[in-house]
Amino acid sequence: MASKKTDKVCRAVVILILVFIWGNSLLSAPKSAQLSKNITAVVVETLEKVTGESFENVITERVIRKLAHFTQFACLGFFSFLIFSKRLGHSLLFGAAVSVLDESIQYFTPGRGPQITDVIIDSLGFFIGACFSCLLFSFIFRRRRKSEF
């Protein structure tokens, strides 16, 4: 069982992630597109500087958008798993509900709409994040138990 302090920190992180996710969903289509365009330009430029290769046709705004969905929800899954007392089923249900709500928000956002593919990507990201959290803390718990003997 996590300490009360750890639990409070995890809850605060989850709330911040939710605000970030839903805040992005509330952006109008032009603002969201401009944000994606800017981030894509930075990623492509950075990769080209590091590797010396061209990524202009490889890393597109669509790729960046989908990776953003996956990454945000993976982070959410990681911390949500801890909040739900390490119950994977409860945290996965929460993740599915958040991803559906996230896409539902976009239904009411000017120029945007919900996409089932985003719900799937969000849910997969959440699942991977929760599983990573589960594996990490199982590993830590086992190491602690071995060191007690």
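## Elements and model

Helices (H or I, at least four residues) and strands (E, at least two) are DSSP runs, numbered from the N terminus. By this definition the chain has 5 helices and 0 strands. Read from the N terminus on, the order of its elements is α-α-α-α-α.

The model is predicted: local features need pLDDT of at least 70 and side-chain atom pairs count only at pLDDT 80 or more, while totals for chains, interfaces and linings use all residues. Residues are numbered from 1 along each chain as its sequence is written, and side-chain values use heavy atoms, with hydrogens and water left out.

## The chain as a whole

Taken along the principal axes, the C-alpha atoms of the chain fill a box of roughly 55 × 40 × 25 Å. The accessible surface of the chain is about 9,900 Å², and carbon and sulfur atoms hold 68% of this surface. Such areas come from the Shrake-Rupley method with a 1.4 Å probe, and for residues only the protein chains shown count as cover. A residue is called buried under 20% relative accessible area, exposed over 50%, and partly exposed in between (1.4 Å probe, protein chains only). Of the 149 residues of the chain, 29% count as buried.

A contact means heavy atoms within 4.5 Å. Among contacts between residues at least 6 apart in sequence, 72% join residues at least 24 apart.

## Helix 1

Helix 1 covers residues 4–25. The expected span of a helix is 1.5 Å times one less than its number of residues.

The buried residues of helix 1 are Cys10, Val14, Ile17, Leu18, Ile21 and Ser25. Seen down the helix axis, the buried residues of helix 1 fall within an arc of 105°, so they line one face. The arc is that of the directions from the helix axis to the C-beta atoms. An α-helix has 3.6 residues a turn, so residues three or four places apart point the same way. Helix 3 (61–83) and helix 4 (88–107) are among the parts that cover the buried residues of helix 1.

The face of helix 1 turned away from the buried side carries the exposed residues Lys4, Lys5, Lys8, Ile15, Leu16, Val19 and Phe20. Lys5, one of these, has a relative accessible area of 67%. From Lys5 to Arg143 the distance is 22 Å, C-alpha to C-alpha, and the two are 138 residues apart in sequence.

## Helices 2 and 3

Helix 2 (residues 29–51) has 23 residues, and its first and last C-alpha atoms are 32 Å apart, close to the 33 Å expected. Ser32, Ser36, Thr40 and Val44 are buried in helix 2, and the buried residues of this helix pack against helix 3. Just after helix 2, Gly52 takes a positive phi of about 80°.

Helix 3 also has 23 residues, and reaches 33 Å from its first C-alpha to its last, close to the expected 33 Å. Just after helix 3, Ser85 has a positive phi of about 50°.

Phe84 lies in the loop between helix 3 and helix 4. With a relative accessible area of 27%, Phe84 is partly exposed. Not counting residues up to four places away in sequence, Phe84 touches His90, Ser91 and Phe94. Phe84 and Ser3 are 81 residues apart in sequence, and their C-alpha atoms are 13 Å apart in space.

Ser91 lies in helix 4 and counts as buried, at 0% relative accessibility. Leaving out residues up to four places away in sequence, Ser91 touches Ser80, Phe81, Phe84, Phe126 and Ala130.

Gln106 is also found in helix 4, and is buried with a relative accessible area of 4%. Beyond four places away in sequence, Gln106 touches Ser25, His69, Arg112, Gly113 and Pro114. Ser25 is one of the buried residues of helix 1. Ala74 is 32 residues from Gln106 along the chain, and their C-alpha atoms are separated by 20 Å.
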